[in-house]
Amino acid sequence: MASTEPWLLENGNVKRLSRETRHGRTAHNMSSSSLRKKSDLTLVSKVRCGCLRHLLANLQEVILGTKLSVLFPAIPLAIIAQCYGFGRPWVFALSLLGLTPLAERVSFLTEQIAYFTGPTVGGLLNATCGNATELIIAIFALSQQKIDVVKYSLLGSILSNLLLVLGTSLFCGGIANLRVEQKYDRRQADVNSLLLLLALLCHMLPLLFRYSGASAVLTAEPILQLSRASSIDSEDDDDVHSEEVPVIGFWSGISWLIGMTVVIAVLSEYVVGTIEDASQSWGISVSFISIILLPIVGNAAEHAGAVIFAFKNKLDISLGVALGSATQIALFVVPLSVIVSWIMGIKMDLNFDILETGSLALSIIVTAFALQDGTSHYIKGLVLLLCYLVIGASFFVLKSPLKQANVVDLGLKSSTETIFTA
């Protein structure tokens, strides 16, 4: 009798799916776990006071349980630099470094909470908090009406996952496994490619709609309405289940998650508030900082994990991280940002202009072609990296100033006041 259990093609071999690998989001947890350190609680266990012992154990698991713990001092340094009026580029750089370990720790905490809440709530937490850094930066940028920063940073997250992370994974995995034919599950790549093409359609329609009209006055409001309609969508929540034992309690995990979210919010406000000063001081355009630097630093932990698994010839996990993150940003975070801006009374649409939308379209198409045969080669990774280099160079020379968002006026407007600055 044929088995009805789900299976997965990993590195050319049919493999039974465990309860952990049945869900796409698990790849992110496995990627982040590659940077975690096993804590030695021998000394902590000798503390007689129960409350103090519990606190020290939590500190060791949450703060010292990652290889990125060396970056935690950047957090108080960024706060001190902000409070004492140090150079704003320093505040920006320190805040950006401080966000790196926080993003990995949020992934760890949501995984710990999922042990107690079950797969449904755990999957929702992972889907939401997995992109907490991007969401919070977007909200603070919207509150300061820096709509270009929102668009650039979210576009950069998609591009970095598709070209930089995936390209580095394929290149390094191919070099490390030259004598082994690397294979992966084509179905995963096909589904994510289709979802990314759906997101691209939602981005291209407002752009095409804009240029099909007689004038900007006639098309501004319809573009905004079309963007909001395209953003009202639902995404299936990924279930997460693990048979490992949690290392911190439920309420401890909730408390740490709330605390780290607050710290992420503080640092995100610093980043958004100082990005233009850093741009002027370093002589680098805001578009380059938002599209290239923010995504690389903000998701460094997850990206490093994807490359590590590629070295180990586990491309399914690497693809799950790169393609999964890009899909979540495109189909969840970007539409949510449009809806949040709508609630805040700010006119943000899905029109990312020609250069940005064209870069996104070419990146998705190149990635889909690279993954169509289910096999990997280091040349494919090199091509993706070269595409990322060319796109990064184009935004490096782009010196267009930031444009402020138009705030919705609930009263009567003249036709000239309804023009949306793309």
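This dialogue concerns how to read several features of a predicted model.

Trainee: Which residues does the UniProt annotation "transmembrane region" cover?

Mentor: The unreviewed UniProt entry gives residues 158-179, 191-209, 248-272, 284-311, 317-342, 354-372 and 378-398. In the predicted model, the span 191-209 is 100% helix and 0% strand, and its end C-alpha atoms lie 27 Å apart. The span 248-272 is 92% helix and 0% strand, with end C-alpha atoms 33 Å apart.

Trainee: Which residues make the nonpolar surface patch of about 550 Å²?

Mentor: An α-helix has 3.6 residues a turn, so residues three or four places apart point the same way. Here the patch is made by Val191, Leu195, Leu198, Leu201, Met204, Leu205 and Leu208. Val191 lies in helix α8, residues 186-212. Val191 counts as partly exposed because its relative accessibility is 48%, between the limits of 20% and 50%.

Trainee: What span should helix α12 have, and how far apart are its end C-alpha atoms?

Mentor: Helix α12 comprises 12 residues (300-311), so at 1.5 Å a residue it should span 16 Å; the end C-alpha atoms are 17 Å apart, which agrees. Among the buried residues of α12 are Glu302, His303 and Phe309. Just after α12, Asn313 takes a positive phi of about 60 degrees.

Trainee: Where does helix α10 bend?

Mentor: Helix α10 (residues 250-282) bends by about 50 degrees at Thr274. Gly283 follows α10 and has a positive phi, near 70 degrees.

Trainee: How many salt bridges does a search of the whole structure find?

Mentor: Side chains of opposite charge can pair when their charged atoms come close. The search of the whole structure finds six salt bridges. One of them joins the side chains of Glu276 and Lys146, at 3.2 Å from N to O. Glu276 lies in helix α10 and Lys146 in the loop between α6 and α7, so the pair ties together parts that are 130 residues apart in sequence. Glu276 is partly exposed at 28% relative accessibility, whereas Lys146 is buried at 8%.

Trainee: Which residue forms a salt bridge with Asp185?

Mentor: The partner is Arg187, with the closest N and O atoms 3.2 Å apart. Asp185 is buried, with a relative accessible area of 9%, while Arg187 is partly exposed at 44%. Asp373 likewise forms a salt bridge, with Lys380, and there the closest N and O atoms are 2.7 Å apart.

Trainee: Where is His377 placed?

Mentor: His377 is in the loop between β4 and α15. His377 and Gly173 are 204 residues apart in sequence, yet their C-alpha atoms are 8.1 Å apart in space.

Conventions:
Residues are numbered from 1 along each chain as its sequence is written. This is a predicted model: local features need pLDDT of at least 70, side-chain atom pairs count only at pLDDT 80 or more; totals for chains, interfaces and linings use all residues. Side-chain values use heavy atoms; hydrogens and water are left out. UniProt positions are given in the numbering used here, feature names are shortened, and annotations may be inferred rather than shown by experiment. Helices (H or I, at least four residues) and strands (E, at least two) are DSSP runs, numbered from the N terminus. Patches are made of residues with over 30% relative accessible area and no salt bridge: like charges are joined within 9 Å, nonpolar side chains (Val, Leu, Ile, Met, Phe, Trp, Tyr) within 5 Å. Accessible areas come from the Shrake-Rupley method with a 1.4 Å probe; for residues, only the protein chains shown count as cover. A salt bridge is a side-chain nitrogen of Lys or Arg within 4 Å of a carboxyl oxygen of Asp or Glu. Buried means under 20% relative accessible area, exposed over 50%, partly exposed in between (1.4 Å probe, protein chains only). The bend at a residue is the angle between axes fitted to the seven residues ending there and the seven starting there. The expected span of a helix is 1.5 Å times one less than its number of residues.
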